[in-house]
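Please look through the sequence and the 3D structure shown here before reading on. The report after it is written for a reader who is new to such descriptions.

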Protein chains: 4
Amino acid sequence: MTRVTVEDVEGVFAIMPTPATPDATDPACMNSVDHEESARAAAALVDDGVHALMVNGTFGEGATLTWDEHRAFARTVIDAVAGRVPVFVGATTLNTRDTITRASTFADLGASGLLLGRPMWSPCDDATTLGFYRDVAAAVPDLGIVVYDNPVAFDGKLSPRVYAGLSEIPQVIAAKYPTLGPSFLADLEATGGRLRILPVERDWYWAWRWAPDSITGCWSGSASCGPHTSVVLAERIATGDDAAARRIAEELRECGRTFFPQGSFELFSRYNVQLEKIRIDEAGYLRAGPCRPPYVDCPPEYAEGAAESGRRLAALSARYAAERAATASGSRA
Amino acid sequence: MTRVTVEDVEGVFAIMPTPATPDATDPACMNSVDHEESARAAAALVDDGVHALMVNGTFGEGATLTWDEHRAFARTVIDAVAGRVPVFVGATTLNTRDTITRASTFADLGASGLLLGRPMWSPCDDATTLGFYRDVAAAVPDLGIVVYDNPVAFDGKLSPRVYAGLSEIPQVIAAKYPTLGPSFLADLEATGGRLRILPVERDWYWAWRWAPDSITGCWSGSASCGPHTSVVLAERIATGDDAAARRIAEELRECGRTFFPQGSFELFSRYNVQLEKIRIDEAGYLRAGPCRPPYVDCPPEYAEGAAESGRRLAALSARYAAERAATASGSRA
Amino acid sequence: MTRVTVEDVEGVFAIMPTPATPDATDPACMNSVDHEESARAAAALVDDGVHALMVNGTFGEGATLTWDEHRAFARTVIDAVAGRVPVFVGATTLNTRDTITRASTFADLGASGLLLGRPMWSPCDDATTLGFYRDVAAAVPDLGIVVYDNPVAFDGKLSPRVYAGLSEIPQVIAAKYPTLGPSFLADLEATGGRLRILPVERDWYWAWRWAPDSITGCWSGSASCGPHTSVVLAERIATGDDAAARRIAEELRECGRTFFPQGSFELFSRYNVQLEKIRIDEAGYLRAGPCRPPYVDCPPEYAEGAAESGRRLAALSARYAAERAATASGSRA
Amino acid sequence: MTRVTVEDVEGVFAIMPTPATPDATDPACMNSVDHEESARAAAALVDDGVHALMVNGTFGEGATLTWDEHRAFARTVIDAVAGRVPVFVGATTLNTRDTITRASTFADLGASGLLLGRPMWSPCDDATTLGFYRDVAAAVPDLGIVVYDNPVAFDGKLSPRVYAGLSEIPQVIAAKYPTLGPSFLADLEATGGRLRILPVERDWYWAWRWAPDSITGCWSGSASCGPHTSVVLAERIATGDDAAARRIAEELRECGRTFFPQGSFELFSRYNVQLEKIRIDEAGYLRAGPCRPPYVDCPPEYAEGAAESGRRLAALSARYAAERAATASGSRA
């Protein structure tokens, strides 16, 4: 087996939650993973056309699974996907050595790579950040790394200088990018094309408008509310159908309008897990289940905004599923 | 054995580092704890008069030890102290269940309690924070809890509302408080005397001036640079010797002047582990050793400020050690 | 006449609003000052024992008066006070030259000095800040200067380095200090006793506990809700009656509890003028009147918190007024 | 004369400084405007093809001119332009009434409109912001208003809700937009096309890629370093020549690389006036002259970054001037 490379970064990198058993909010529950739903959901996403899976980031509860659960879940997903698309498993911990231990295990289980944020007890400066990624890459050289750039979770946006340094690490093939902001072009430039920046699906069209040669994929949390929208968007972008891609981009914006409490990412971040799982459960494409402690509470008005977003995304994905089915049956005819 | 209570919170709660072997910066080193020095240092602090030990907070590298190391280190310290003073072990993790697992182990090893910050991947709101502490207290009811209030590490200062809620949890007996700020009086008031606020040793006199009945102890990282200054300060405060206590407070301020880069706690927090360990090694009272990854780099000018602080603290502690020796021999004469 | 000096900084520096006519919220109103009430209020505050007056800071609407109004109001107040206590007039503008022009006018009108914040269109660094104060002091050498340290209005807290520099300017005799925070001791130390730090009345006792020799006065916005509380506090502190001073400090804290929306100074600052004027009008000691544009709107729940604070302050001041009257008649008997 | 409308917002809105006499840094200098250079520079910009002039924003020293100077300068510029392009004069003050007084004067002098930021002593909430703009528009109904959205100068970014409200005021025809950030699309959407968002020249291409129908012009401070680059960019965008426009966009980015100290807009904002005037003087297209107090100091390394940016912009503008000349002579041949 050969390592996943930057050339493999194309299309929809779907992020799925870690489906939970009904008692998962109880701190005494020590087997909270719903493995059956995990396997079913992973297979469904792949069947429906996503191009890679990423698990155990923020709403994938990389922070709140026990290590036993985390490992078992990774195995379930990797086995369900069975090599059809690359699988990137979250390996963020509080330090370099724990991350390496986990990464080695994921490698043994057959993961393609890691979704990897930096330690966040103390904020990492640029040198510490790069040292961390270099050490992990050296320790598990056969895994591709998708860097997780989340300014709230990991104490600040990665700088262009860090992007430049990351781009020199061969295993680093992509970055899960936050909402497009003022340093996007500088970050992109700093990568020199040696790693791919993955915007979120609702930003994909806009990033692609700016950098059609460099932006070849997106990450998508909303794919877990139904992946058809993102998959069709990928097709439109791949064929350069600007007008159709823009229409989807605007539909996705419309679906996201109620998702961020008061329009604030900072506020959202306090309830990231809860809001994503509420949204997914409302959409009904897969069963995320309850949240693991301590991230279990959520103000009701924020929850309702997430649920509304889930309903809109489900409807949109259903529409694109129908289009795809019609096209497919048309082309068969 | 009875649980440690709020009445036991008195005097100097010394924080010691986790002494490291020479190869501890190497991510491949999996046994980085210098147990001999750990035992010696813990015993020395107790012999020299500190009133409690706290380990595995930030500069105690609670974030960067492996679980195997962490557990072994806790055993070493608890055994070395042998019940002479309470020992609080760091149990902060990314989630409730891992914290409970670790806390149970520490209870089995004979720890008196926990030094406990909240999960910090996603910021915790007030309800999530209180839920976390309640769940842990319920799971390990025989351990006292020193809440760790560090606004940078744990995503924001605890609010008076959280202090009020914490004060209703019987096991929560104290809070390791950050630098005195505008909400100190409100926080103190919110505790209703049901838990003790522990300022840092250099703030102790000032907090005591404001609340002589409530402020009965301090936490002290500088005790690891020589504990005699803090111990004498405790005596002066206990006897109400205001002038002498103020003199020590001002001496401690003088020792701290070069410690915070550009006077900034935010900046300090990026190099918290490194700067504390440099300071301690320069002071020479115990051997902290190198830092564990990823927190290994530090700008040289910040390092020099920490070293200078260590030299000043060592000289000051030596002077108070001599005074104590003279007094002791005088009182024996 | 000799310039006011650092020795004159003692007691209650009351801040009064700029009483407004009923049509003052109308942008077309060009004579919005209620001169009769202005003269009456200034005289009342002095009659009731405050030790200095400060006008035209933030809630004194230094920002929103026209220059014609501002000048006329300053004359009214200075004339009403008639030299019985020093009067400091706000002269903050967007630049050095406008401030000097205004300051010269106030000097001609007989002001003792200026209440002076720095320009705030672009944030001032330390050198720019010191240059500004030096230029003004050189241009109006006979005026004392009370530096206005307000981190929200003037883009950041003054640093200890700025306090050190300010203390070298002979005309700078005091600083209107924000809520006590972590740099208070460093700021105080930096002044070398060459200028006085004035905490707000509700912080006065606490600052005095820390630095009994240096903290000789306070600023008081709540004096405009009835000055008797602050004046009695000044007497208690002057005679070193710690227990009585602490009691008043706690009463003042109780009165302030509803004043800051959600306990936040940042949020308060968006409605500073409105909330202070609502509080004063509710207390009834003087008539502040409506606010001048653009600062006229205020969320009703914040307004109610301010009104409640006004009611409490009025009741407290009335109680201390009665005590003072009883004492006075007692001592006459 | 009819009021300037949203239809007139097209092309390069050049911002020019307020040229200063050699003694302008002296607080005693009361006639610091170099009127001859002001007239020459304004005419040169118009001769060289810019589509509108904006004066007396931040680096145009709207904050630090005296009112006498400001008025006289506005007259000079308006007269020099002589109606060939619209002129927008800065009218930001600390309050509504002063702004209206100044705006009326500018209207009398023949200005087309205002470049208008909100008062910034106390931060304005959304209602206060909208109230301010509504009051000004009502008072000077014949002036167009370019809203000045500068998050540092005016205490926070304007929200989509404010953009929606502004778009309902007929006189508000454009917004001078800050660096493209995450809320750009939401802001644009909120305007409903009733006002134009003007990005800075180096963002113009990118904004236009996203919203080709809505983004019809830019503001340009660098035009004062030579306007030919921006003017050619306007032509390329007008003709839809994407490749050529992108090339210029990348050249402009290259020129800006050294301009923002440490890549930070916050840091830049402390020296905005100084850095812009240094850049302009180094470029040599017009003579900005020294800065007015208090904004006179600037760290030398930041100054050098600005000078380098000026040299690059001058070279680039010269190249496009030559191209334009060649084309013009070619088309004449």
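## About the model

This is a predicted model, in which local features need pLDDT of at least 70 and side-chain atom pairs count only at pLDDT 80 or more, while totals for chains, interfaces and linings use all residues. Residues are numbered from 1 along each chain as its sequence is written, chains are lettered from A and ligands numbered from 1 in the order in which they are written, and side-chain values use heavy atoms, with hydrogens and water left out.

## The sheet of chain D

In chain D, 8 strands form an open sheet with parallel pairing, and their order is S7-S6-S5-S4-S3-S2-S1-S8. Helices (H or I, at least four residues) and strands (E, at least two) are DSSP runs numbered from the N terminus, and two strands pair if DSSP finds at least two bridges between them. The edges are strand S7 (196–198) and strand S8 (217–220) of chain D, each of which pairs on one side only. Neighbouring strands of this sheet are turned by 25 degrees against each other on average, direction ignored; axes here are lines fitted to C-alpha atoms, for helices over the stretch in contact, and angles run from 0 to 180 degrees between N-to-C directions.

Within this sheet, strand S2 (residues 52–55) and strand S3 (residues 87–90) of chain D run parallel and are joined by 3 bridges, and Val55(D) stands opposite Val89(D) in S3(D). Helix H2 (residues 67–81) of chain D packs on the sheet, where it touches strand S1 (11–16), S2 and S3 of chain D, and its direction makes about 170 degrees with that of S3(D). Contact means heavy atoms within 4.5 Å.

## Where chain B meets chain A

Between these two chains, 48 residues of chain B are in contact with 47 residues of chain A. The area buried between chain B and chain A is about 4000 Å², of which carbon and sulfur atoms give 55%; buried area is the accessible area (1.4 Å probe) that two parts lose on being put together, summed over both. Arg97(B), Trp121(B) and Tyr295(B) supply 25% of the area that chain B buries against chain A, more than any other three residues.

There are 2 salt bridges between chain B and chain A, a salt bridge being a side-chain nitrogen of Lys or Arg within 4 Å of a carboxyl oxygen of Asp or Glu. The side chains of Glu69(A) and Arg97(B) meet in a salt bridge, at 2.6 Å from N to O.

Chain A and chain C do not touch, and their nearest C-alpha atoms are 16 Å apart. Chain B and chain D do not touch either, with their nearest C-alpha atoms 16 Å apart.
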